[in-house]
Amino acid sequence: MSEPATALTGCLAPIDKTGLDGLIEQGKANPNAVKTLKCKTVAEGRFRHANYIRDLEPYIVDEPPGLLGDDTAPNPSEASLAALGSCVAVGLHANAIARGITIQSLELALEGDLNITAVWGTGDVSEKPVGFTDVRIKVDMKADCPQEEIDALIAHVIQWSPVFNTFSRPVNMVAEAV
């Protein structure tokens with residue numbers, strides 16, 4: 001019996017199982033491949049920025065009124081939580097499909113704690129951690145498998161999530177004028 005071309009995932013939109021299998025094989029065939037992602041950020045005024053990625057419409061990032069922004073979009077820290085949540089959710093969905101698990105629903109709630117008193121280096125610049133000090137992810141996943149299997153899936157995905165790993169380990173960074 002041949003596998004279906006599309007894997008049904010309960011209430012979630014289907015994923016192309018053949019395409020997923022192809023990505024899996026590509027990764028195994030070239031385990032050291034590195035892809036460079038790009039984003040061009042353009043200041044629009046005040047604290048609102050348009051971020052250009054591939055040929056997509058600009059992804060807007062702004063600040064809330066409490067941080068002197070216009071409140072038109074997530075702020076940079078909120079956008080980073082969204083990226084983290086989306087990355088973990090993609091990993092959960094893909095790994096569930098690869099393991100033959102049908103997902104009925106998948107929601108992640110993320111919270112992150114950060115000290116904002118430095119005001120981007122213009123406020124209290126006394127010694128303190130800059131950026132998130134604690135991030136909590138709560139996964140609410142309903143699937144056709146026992147909770148223990150969902151817990152193991154979450155642990156596996158966290159280990160292999162690119163954005164989770166970016167949050168949890170040092171990254172080589174360079175910023176320079178051009």
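Start by selecting Arg46, which sits in the loop between strand S3 (40–45) and strand S4 (48–52). Helices and strands here are DSSP runs numbered from the N terminus, with helices being H or I of at least four residues and strands being E of at least two. You are looking at a predicted model, where local features need pLDDT of at least 70, side-chain atom pairs count only at pLDDT 80 or more, and totals for chains, interfaces and linings use all residues. Residues are numbered from 1 along each chain as its sequence is written, and side-chain values use heavy atoms, with hydrogens and water left out.

Stay on Arg46 and check its backbone: phi is positive, about 50°, although this residue is not a glycine. Most residues other than glycine have a negative phi. Is Arg46 buried or exposed? Arg46 is exposed, with a relative accessible area of 58%. For these words, buried means under 20% relative accessible area, exposed means over 50%, and partly exposed is in between, using a 1.4 Å probe and protein chains only.

Next, select Leu68, in the loop between S5 and H2. Leu68 is another residue other than glycine with a positive phi, near 70°. Its relative accessible area is 56%, so Leu68 is exposed.

Now pick Asn75, which is placed in the loop between strand S5 (59–61) and H2. Asn75 has a relative accessible area of 10% and is therefore buried. What is Asn75 in contact with, leaving aside its neighbours within four places in sequence? Show Val61, Asp62, Glu63, Pro64 and Leu67 to see these partners. Contact means heavy atoms within 4.5 Å.

Move on to the helices and colour helix H1 (residues 17–29) and helix H2 (residues 76–98). Two packed helices are described by the angle between their axes and the distance between the axes. For H1 and H2 the angle is about 100° and the axes are 10 Å apart. The axes are lines fitted to C-alpha atoms, for helices over the stretch in contact, and angles run from 0 to 180 degrees between N-to-C directions. H1 and H2 are therefore roughly perpendicular to each other, a label used for angles of 65 to 115 degrees. To see where they meet, show Lys17, Leu20 and Ile24 in H1 with Ala94, Ile97 and Ala98 in H2.

Then go to Ile137, in strand S7 (residues 132–143). Ile137 counts as partly exposed, at 24% relative accessibility. Leaving aside neighbours within four places in sequence, Ile137 is in contact with Leu84, Val88, Leu108, Ala109, Leu110 and Phe164.

Met173 counts as exposed, at 71% relative accessibility. Between Met173 and Pro64, 109 residues apart along the chain, the C-alpha separation is 27 Å.

Finally, zoom out to the whole chain. The protein chain has four helices and seven strands, in the order β-β-α-β-β-β-α-β-β-α-α from the N terminus on. Its C-alpha trace spans about 65 × 35 × 30 Å along the principal axes. Buried residues make up 21% of the 178 residues. Among contacts between residues at least 6 apart in sequence, 47% join residues at least 24 apart.

Definitions and conventions
Angles under 35 degrees count as roughly parallel, over 145 as roughly antiparallel, 65 to 115 as roughly perpendicular and the rest as oblique.
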